[in-house]
Amino acid sequence: MTAVRVLRWAVACVLVAAALFATSVSLYRSGVLRFNHPDEARFPVRGIDVSHHQAEVDWGAVRSAGIEFAFIKATEGGDHSDTRFDANWEEAGRAGIARGAYHFFTFCTPGRVQAEHFLTTIGLRASELPPAADVEFSGNCSSWTNIETIRRELGVFLALVEEGTGQPPLIYVTPESFYRIVEGHFDGHPTWLRNLWFEPSIRRYGVWRFWQFADNARLPGIKGPVDLNTFCCSRDDFSNHR
């Protein structure tokens with residue numbers, strides 16, 4: 001094979017690979033391509049989590065699509081409140097969707113300040129699901145100093161929110177935040193795991209309560225992608241959990 005033919009073959013391979021990659025990205029962004037498809041017999045209760053990024057949601061259409069619960073972003077850090085929290089909370093409730101409020105925990109603000117902000121924002125709303133702390137490195141501040149400080153302030157946040165709501169908060173984790181921050185600590189708090197590739201292993205993560213298995217779902221009533229979640233167990237377990 002001449003050098004010219006080798007070069008042409010290499011270029012053709014690169015072009016085919018680029019086309020396949022571009023097609024895969026397009027299919028993923030459109031929600032057609034997804035890596036997890038949890039068995040509905042094992043995981044019959046499905047839900048979503050939302051923030052202002054989903055803009056206005058038609059919650060009646062979402063409920064008609066089979067969604068039974070939603071975690072709704074309330075706050076972030078010590079002073080940010082999600083602009084869609086009040087509307088999402090009220091409209092999801094009217095649609096008959098079980099609700100839980102979540103807080104994005106920043107590594108650079110004292111846990112007490114964050115807990116007070118979260119509790120003030122959610123007020124005395126009745127909730128069907130526990131509150132949740134979103135603990136992840138992605139999108140977080142970069143000026144934190146050490147993991148021990150993060151863990152200590154998270155503990156303060158969780159304790160104050162439990163005191164204020166009467167429920168032990170869920171801890172939302174990625175594999176990274178689980179292993180670096182949460183593993184071996186906070187055993188009294190159930191976990192909500194993000195894994196877009198595989199079903200979370202109980203051997204690796206312990207008993208988990210919720211699983212975020214996709215971030216590119218398309219649902220009636222929502223423009224653009226939304227995260228999909230499932231409850232760990234049966235529908236009866238979910239009813240007792242609420």
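Two exercises with worked solutions follow.

The model is predicted, so local features need pLDDT of at least 70, side-chain atom pairs count only at pLDDT 80 or more, and totals for chains, interfaces and linings use all residues. Residues are numbered from 1 along each chain as its sequence is written, and side-chain values use heavy atoms, without hydrogens and water.

**Exercise 1.** Describe how helix H4 packs against helix H5.

Solution.
1. Helices are DSSP runs of H or I with at least four residues, numbered from the N terminus. H4 covers residues 111-122 and H5 covers residues 147-165.
2. Their axes (lines fitted to C-alpha atoms over the stretch in contact, with angles from 0 to 180 degrees between N-to-C directions) come within 8 Å and cross at roughly 30°.
3. Angles under 35 degrees count as roughly parallel, and H4 and H5 are therefore roughly parallel to each other.
4. Contact means heavy atoms within 4.5 Å. Residues of H4 including Phe118 and Leu119 meet residues of H5, among them Phe157 and Leu160.

**Exercise 2.** Identify the residues that touch the most other members of the largest nonpolar core, and list the contacts of Ile181.

Solution.
1. A nonpolar core is a set of buried Ala, Val, Leu, Ile, Met, Phe, Trp, Tyr and Cys residues joined through side-chain atoms within 4.5 Å; buried means under 20% relative accessible area with a 1.4 Å probe, protein chains only.
2. The largest core has 61 residues, of which Ile48, Trp59, Phe69, Ile181 and Phe210 touch the most other members.
3. H5 supplies the largest share of this core, seven residues.
4. Leaving aside neighbours within four places in sequence, Ile181 contacts Phe107, Val135, Phe137, Ile147, Ile150, Arg151, Leu154 and Phe186.

How values were computed
Helix = DSSP H or I, 4+ residues; strand = E, 2+ residues; numbered from the N terminus. Parallel < 35°, antiparallel > 145°, perpendicular 65-115°, else oblique. Buried < 20%, exposed > 50% of the residue type's maximum accessible area, 1.4 Å probe, protein only.
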